[in-house]
Amino acid sequence: MVRMGDHITKKFRALFVKANDTLGRWTATQSRASALVVSAAMVIERLPELADDQRFGPLKERFPTLPQATREAQAVALDRVMTNLREEIEYFEELVKELDRLQRNAGSLLGGMDPPGGGGLRRGPTPAVAECVLGLRDLWRIHRDELAIKRALVDELTCDALISDLEEVKALFAAEPNLDPDAVRGLVDSILDATPDPQSRRRQ
């Protein structure tokens, strides 16, 4: 059983504090990106109707250039939304890289070796080394896999997409099927709660 002294506990706690901050930025990015996915889908859903000049009715007679101008405006809007969405996907990638860096740093505290099989059990309030290392590794893996899903969903946002497919894209992107928010939150909190902030100890 590998347990942690105060020095190593502080190091692992610092890694989890950074991971917690990264998860907060992921949540903010998810909110922005989900809104962009909805916006892109709405524009794409309107494109078939705009393709028919007759849809503009009497306005077409009074403003002959209106149909084409409207289509061009929607194309510009869709391009802007997709550009912003790709930027958010790039930010997701940076967050996954940050989680990867944290889990690698955790592994380096063991000299690059895998955590011992028996080190995953906790005795008393202090978490075992393996519990911390594997926890950070799990955080990285599930967010890495969720990013792969997000990339695939964004690729489905094409001008010839069916409305039913667009609805599925919106639902899956918002749901983040590879992430269990309660499990992720519980994993981080279980370590932070078991490794009190050294600064708070000094103030007591």
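I looked at helices H3 and H4 first, and their crossing is left-handed. I take left-handed to say that the near helix is turned anticlockwise from the far one by less than a right angle; clockwise would be right-handed.

I note that this is a predicted model: local features need pLDDT of at least 70, side-chain atom pairs count only at pLDDT 80 or more, and totals for chains, interfaces and linings use all residues. Residues are numbered from 1 along each chain as its sequence is written, and side-chain values use heavy atoms, with hydrogens and water left out.

**Overview**

I looked up the secondary structure: the protein has seven helices and zero strands. Its pattern along the sequence reads α-α-α-α-α-α-α. Helices (H or I, at least four residues) and strands (E, at least two) are DSSP runs, numbered from the N terminus.

I then checked burial. Of the 204 residues, 37% count as buried. Buried is under 20% relative accessible area, exposed is over 50%, and partly exposed lies in between (1.4 Å probe, protein chains only).

Next came contacts, meaning heavy atoms within 4.5 Å. Among contacts with a separation of 6 or more, residues 24 or more positions apart account for 82%.

**Confidence**

I read pLDDT as the predictor's confidence in each residue, from 0 to 100. The protein has a mean of 84, and 84% of its residues reach 70 or more. Confidence is highest in H5, at a mean of 97, and lowest in H7 (residues 198-203), at 48. Over residues 116-125 pLDDT stays under 50; the model has 22 contacts for this stretch beyond four places in sequence. Where pLDDT is low, the predicted coordinates should not be read in detail.

**H3 with H4**

I went back to this pair for its geometry. H3 (residues 66-108) packs on H4 at about 160 degrees, with the axes 9 Å apart. H3 is therefore roughly antiparallel to H4. The axes are lines fitted to C-alpha atoms, for helices over the stretch in contact, and angles run from 0 to 180 degrees between N-to-C directions. Under 35 degrees counts as roughly parallel, over 145 as roughly antiparallel, 65 to 115 as roughly perpendicular and the rest as oblique.

I listed the residues that meet. H3 brings residues including Leu85, Phe92 and Leu99, and H4 brings residues including Leu136, Trp140 and Leu147. By class, this contact has 14 nonpolar, two polar and six charged residues. Ala, Val, Leu, Ile, Met, Phe, Trp, Tyr, Cys and Pro count as nonpolar; Asp, Glu, Lys and Arg as charged; the others, Gly among them, as polar.

**H4 with H5**

H4 (residues 129-155) and H5 (residues 163-175) pack at about 160 degrees, with axes 10 Å apart. These two are therefore roughly antiparallel. H4 passes H5 in a left-handed crossing. Lys150, Leu153 and Val154 in H4 meet Val169, Leu172 and Phe173 in H5. I count this contact by class as five nonpolar, no polar and one charged residues.

**Single residues**

I looked up alanine 175, which is in H5. Alanine 175 has 51% relative accessibility, so it counts as exposed. Its C-alpha atom is 9.5 Å from that of serine 34, 141 residues away along the chain.

Glutamate 176 is in the loop between H5 and H6 (181-194). Its phi is near 45 degrees, a positive value in a residue other than glycine. With a relative accessible area of 12%, glutamate 176 is buried.

Isoleucine 191 is in H6. At 1% relative accessibility, isoleucine 191 counts as buried. I found 9.6 Å between the C-alpha atoms of isoleucine 191 and valine 17, which are 174 residues apart along the chain.
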